[in-house]
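Reader: Before I use these coordinates, could you take me through how the strands, helices, domains and chains are arranged?

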Amino acid sequence: MPVDCLSVKKVSFRYNSVEVLSDISFSAVCGDYIGLVGPNGSGKTTLIKTILNLAKPSGGEVTLFGKNPAILNEWHRVGYLPQRIASLNPFFPATVDEIVALGLISRRKLSTPIFRSDKEAVERALKLMDIDDIKGNLIGALSGGQQQRVLLARAIVNEPDLLILDEPTTALDPETRDNFFHFLQELNWEKKMTIILVTHDIGSVGKYASKLLYLDKRIIFFGSFNEFCLSEDMSSYFGEFSQHLICHRHDYKRIG
Amino acid sequence: MEFTDFLKYGFIQRALVAGVFIALLCSTLGVLLLLRRLSLIGDGLAHVTFGSVALGLLLRQNPVFVSIPVVMLGSLAILKLAERARVYGDAAIGMISALGIAVGVLLASSAGGFNIDLFSYLFGNILSISESEVITSIVLSITVLITISVFYDEFLSASFDEEFAKASGINTEKINTILALLTSVTVVLTMKVVGIMLTSALLIMPAVTALQIARGFKRTMLFASSTAIVSVVAGTVISLVVNLPTGAVIVMLNFIMFMLAFSYKISFSAIRRNTE
């Protein structure tokens, strides 16, 4: 029987009396790959922050693995790749392996000794992301694509059950972006990792994600990509031409 | 006079022992402050120390012991102003810093009689450090260094990416409070070495020097510690030999080491570019 990794019930969020999120309800079954899309200012990042207990919702309830995030102590089951790679301090003196090891903090209690299993987990994540040859390099000396791989390695070093990525491909060139999407699909298929991917690229995410959540302060659509393409409601929301473009691009790419 | 001859004097032994511990403390904490972009909190709290030293002198108590709780309160006030009153961090530091100096000036001018003592705290006098202050310095330095090592991963994670740290279940508000309290203790201990005016130099300069050439976070801390210890030991000895103020000599040595590290970095980068 499918188990919910994440459940969001009637969540709303207000900032200085401005409504940012309204009556959001959906759930992610373990193993889902959800593409979270929507225009600028639609509340995508705010929704992610309420899920991760980084922002307190004005109303409603979020549960992660059946628990309120405020009392969750199993943060190692959640991997997170934040949005702001551009604000990364280029002079930060940490090496790639030191940054990846930071992902283990949620599993370790304070600065307990680093066990062999911790080192092995870091090595595995470095190899998986194909960055083991640069593990001694300073993070600031890497290209945008390499930095993104390092941060993804940090997010997956605990082999989390749920991986949340906030616009991870913004700073990447098209080829690196496609590779990145392929890699996420492998994590979803092979490691059975539940993925929530925030992106503007609705066409690309439709190619990989099992479900699409279209947000514009409220949920406009939540379902499979095929349902999205067949939905008459979406035709009236986007206009038939735009819907056709998104879905055509999706089919075209899949066949290609 | 030989270096070993210097070591026969008790006041020099005390100065060097306390100096090494405080240098270690300042440089380790300095790296964390610098990377959290909180370098100026050291400067602000040093100014609060001016007020607390005046209070200590007025109450005829040891200014170090009076200053530790007062400066800790000052650091918490900076954090709370920034969190609750929505004052920008640098503005909060500026406000509390100015308040500290104003209180110091008011106490000094109204009580009178201890302006000369207050002046010695402004520019430091490591050679006048007492035995009880040496013991306090060692105990507090070890306490602060143990705290840093216990929360090392949390400090590193919050310094690199605060949002990720929070999403990893780290209480970053608690980490900020611990860092501010550790800085308070460090600033009070450091005023004896280089004086209130130059305290922030010993927090910032070794860290900035280390960042020029060290690779990796732990190596940066080690390099900053070595730089700070060399500057304090050499600065103390040189100031004795040439009869100059110790605090100023220590700061000048730190600047020279920064210039050497910076020149090395520039030359190394040029050589690497040419070989590629």
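This is a predicted model: local features need pLDDT of at least 70, side-chain atom pairs count only at pLDDT 80 or more; totals for chains, interfaces and linings use all residues.

Reader: Over how many bridges does S1(A) pair with S2(A), and over how many with S4(A)?

Author: Strand S1 of chain A covers residues 4–15 and strand S2 of chain A covers residues 18–29, and they pair in the antiparallel sense; in this pairing A:Val11 stands opposite A:Ile24 of S2(A). S1(A) is also paired with S4(A) in the antiparallel sense, where A:Ser12 has A:Gly59 as its bridge partner. The count is eight bridges for S1(A) with S2(A) and five bridges for S1(A) with S4(A).

Reader: Which residue takes a positive phi in the hairpin of S1(A) and S2(A)?

Author: The hairpin of S1(A) and S2(A) has two residues between the strands. The positive phi, near 50 degrees, is taken there by A:Asn16.

Reader: Which element gives the most to the side of domain 1 of chain A that touches domain 2 of chain A?

Author: Chain A is divided into domain 1 (4–223) and domain 2 (225–256), whose C-alpha centres lie 26 Å apart, and their contact takes nine residues from domain 1 and eleven residues from domain 2. On the domain 1 side, helix H6 (202–208) and strand S9 (219–223) of chain A each supply at least two residues. By class, that side has five nonpolar, three polar and one charged residues. With four residues, the element that gives the most to that side is H6(A).

Reader: Is H12(B) parallel or oblique to H13(B)?

Author: Helix H12 of chain B (residues 217–242) and helix H13 of chain B (residues 246–275) pack with their axes 8 Å apart, at an angle of about 135 degrees. The contact is made by residues that include B:Ser231 and B:Ile238 of H12(B) together with B:Leu253 and B:Met257 of H13(B), and by class it has seven nonpolar, seven polar and no charged residues. The crossing of H12(B) and H13(B) is right-handed. The angle of about 135 degrees therefore makes the relation of H12(B) to H13(B) oblique.

Reader: Which element of chain B gives the largest share of the side that touches chain A?

Author: In the contact between the chains, 24 residues of chain B meet 19 residues of chain A. The elements giving two or more residues to the chain B side are H7 (131–150), H8 (152–160), H9 (162–167) and H12 of chain B. The residues of that side divide into twelve nonpolar, six polar and six charged. The largest share, six residues, comes from H8(B).

Terms used: Residues are numbered from 1 along each chain as its sequence is written. Chains are lettered from A and ligands numbered from 1 in the order in which they are written. Axes are lines fitted to C-alpha atoms, for helices over the stretch in contact, and angles run from 0 to 180 degrees between N-to-C directions. Angles under 35 degrees count as roughly parallel, over 145 as roughly antiparallel, 65 to 115 as roughly perpendicular and the rest as oblique. A crossing is left-handed if the near helix is turned anticlockwise from the far one by less than a right angle, and right-handed if clockwise. Two residues are in contact if their C-beta atoms, placed from the backbone, lie within 7 Å. Ala, Val, Leu, Ile, Met, Phe, Trp, Tyr, Cys and Pro count as nonpolar, Asp, Glu, Lys and Arg as charged, and the others, Gly among them, as polar. Domain bounds come from an automatic or database domain assignment. Two strands pair if DSSP finds at least two bridges between them.
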